[in-house]
Amino acid sequence: MDQFIDFKIIKSLALETGFQDCAAVNAKEFDISFLLEWINKGYNAEMQYLLNNLDKRKNPSLLLDNGKSIISFIVSYNTQEFADMKLNNGSESNNNLKFAAYSHFEDYHKVIKQALYKIIACIQEDYPDFKAIAFVDSSPFSEKMIAKEAGLGFIGKNSLLINKKYGSQILLGEIITNYSTDYNTEFIEDLCKDCSLCIEACPNKAINNDKTLNANLCSSYQNMINKGEIEESIRLDGYIYGCDICLKACPFNNKPKVLNSKILGLNTSMQELIIGINNNYIDKSLFNKAKKKGAIENIKFQKLLSNIEKAKQEITRK
Ligand code: B12
Ligand code: SF4
Ligand code: SF4
């Protein structure tokens, strides 16, 4: 007999742990032709790793012996606490250099995974044969596609998952389990309709009309992942790590969605770092301190300095 768990149990644990929502999908085979097409067009830039583990991308159930379900979880970082902090220290003024909002919080890979394993441990108290693995970001599958299939939202024109209530300033995590549960049956409408604010707002025309993105043109790729020089033609518009321009343009992110997050604590060292940078005080020890706790783990100090240089040149040229 199939091992089954009532989804209400998982959902109530998720909400208690601090996730905004979660939903489940049968761990079936997924159509990944969109990924291959995207890579064929060269939109992946240098991210060749997206071609790894194609079998598991297609069939994530292979990631766990007898994998039956994938449960997708969302956590909002559009918090009132963060908005108030930015207002108080003036770090969002127009000509200021900026880090993407998510990087002002503790390393989401780590804290979301911990929260997911906490849920797994609680379930195992009553269901000892409940086996599960947690993934955040580094999963070998499209987390947005899974979240969409699970019914947590629709894919917006800027290619991000938008939850009707919490918008797209959310991060995703999943667990794959050997248990079946109640799967989503609801059809989630695409609410972008004739809006194209994100496409218009992108300073680099990186967003295509078919909900895909050309990473070569995206400043978030250029200032976080590209280890080399950023081409002259790319505009950072003040962003020295990541980019939030298309997210900020989106009406679904118009105001803070939660007071604060039980999962994502603010990394206050990031504030010290950005205030320093905007006062021409670029100190490596502040950078190391921010990096230790935070989500900027994949950038070297030299790369940050070169991003700062580029962003400043753009501002002086204005
Ligand atoms: C590589 C990557 C990037 C790359 C490429 C982004 C991209 N859009 O592909 C870069 C470095 C640019 C990037 C930037 C950012 N990223 Co990123 N990124 C990823 C990563 C690791 C893989 C994404 C991937 O596989 N891309 C390849 C494309 C082809 O796949 P896809 O976008 O998932 O596929 C979609 C479309 O192709 C479309 N689609 C589906 N079927 C079909 C069929 C057809 C015919 C067509 C045309 C399209 C289509 O829907 C798919 C599902 O959404 C995921 C984590 C993960 N493992 O999934 C995080 C992830 C997507 N990133 C995330 C975040 C937060 C960001 C940033 C906001 C960070 C920042 N502030 O700078 C920006 C946003 C930029 C943007 N507008 O997308 C979040 C997104 C959360 C959300 N709300 O959706 C994720 C899910 C990480 C996480 N765990 O939360 N990222
Ligand atoms: S993250 Fe920035 S550069 Fe990339 S698509 Fe969005 S607005 Fe354009
Ligand atoms: S800005 Fe408009 S088109 Fe873009 S994702 Fe948001 S609702 Fe969709």
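Start at ligand 3: its shell draws at least three residues from each of domain 1 (7-87 + 105-177) and domain 2 (197-317). The model is predicted.

**Ligand 3**

Select the residues around ligand 3: Gly156, Lys157, Asn158, Cys192, Cys195, Ser196, Leu197, Cys198, Ala249, Cys250, Pro251 and Phe252. Coloured by type, this shell shows 8 nonpolar residues, 3 polar and 1 charged.

**The two domains**

Next, colour the protein chain by its domain assignment, which gives domain 1 (7-87 + 105-177) and domain 2 (197-317). The distance between the C-alpha centres of domain 1 and domain 2 is 22 Å. Turn to where they touch: 37 residues of domain 1 are in contact with 34 residues of domain 2. On the domain 1 side, β2, α4 (80-89) and α5 (108-126) each supply at least two of the touching residues. Which element gives the most to that side? Select α4, which gives 5 residues. By type, the side of domain 1 that touches domain 2 holds 18 nonpolar, 14 polar and 5 charged residues.

**Strand β2**

Show the side chains. In a regular strand, side chains alternate between the two faces of the sheet. Here Ser69, Ile71, Phe73 and Val75 point one way from β2, while Ile70, Ser72, Ile74 and Ser76 point the other way. Residues of both sets are buried.

Strand β1 (residues 21-26) runs antiparallel to β2 and is joined to it by 6 bridges. To find one place along this pairing, select cysteine 22, which stands opposite phenylalanine 73 in β2. Strand β7 (residues 170-177) also pairs with β2 in the antiparallel sense, over 8 bridges. Here select isoleucine 74 and its bridge partner in β7, leucine 172.

**Ligand 1**

Finish at ligand 1. How many residues surround ligand 1? There are 38, and the closest are Phe34, Ala100, Ser142, Lys144 and Gly242. For the secondary structure of this shell, select α2 (33-40), α6 (143-150), β7, α8 (219-224) and α9 (245-248), each of which supplies at least two residues. Colouring the shell of ligand 1 by type gives 24 nonpolar, 8 polar and 6 charged residues. With the domain colours back on, the shell around ligand 1 draws at least three residues from each of domain 1 and domain 2.

Definitions and conventions: Residues numbered from 1 in each chain as written. Chains lettered and ligands numbered in written order. Predicted model: local features only at pLDDT ≥ 70, side-chain atom pairs only at ≥ 80, totals over all residues. Near = placed C-beta within 6 Å. Nonpolar A, V, L, I, M, F, W, Y, C, P; charged D, E, K, R; others polar. Domains from an automatic or database assignment. Buried ≥ 20, exposed ≤ 12 C-beta atoms within 10 Å, placed from the backbone. Helix = DSSP H or I, 4+ residues; strand = E, 2+ residues; numbered from the N terminus. Pairing = 2+ DSSP bridges. Contact = placed C-beta atoms within 7 Å.
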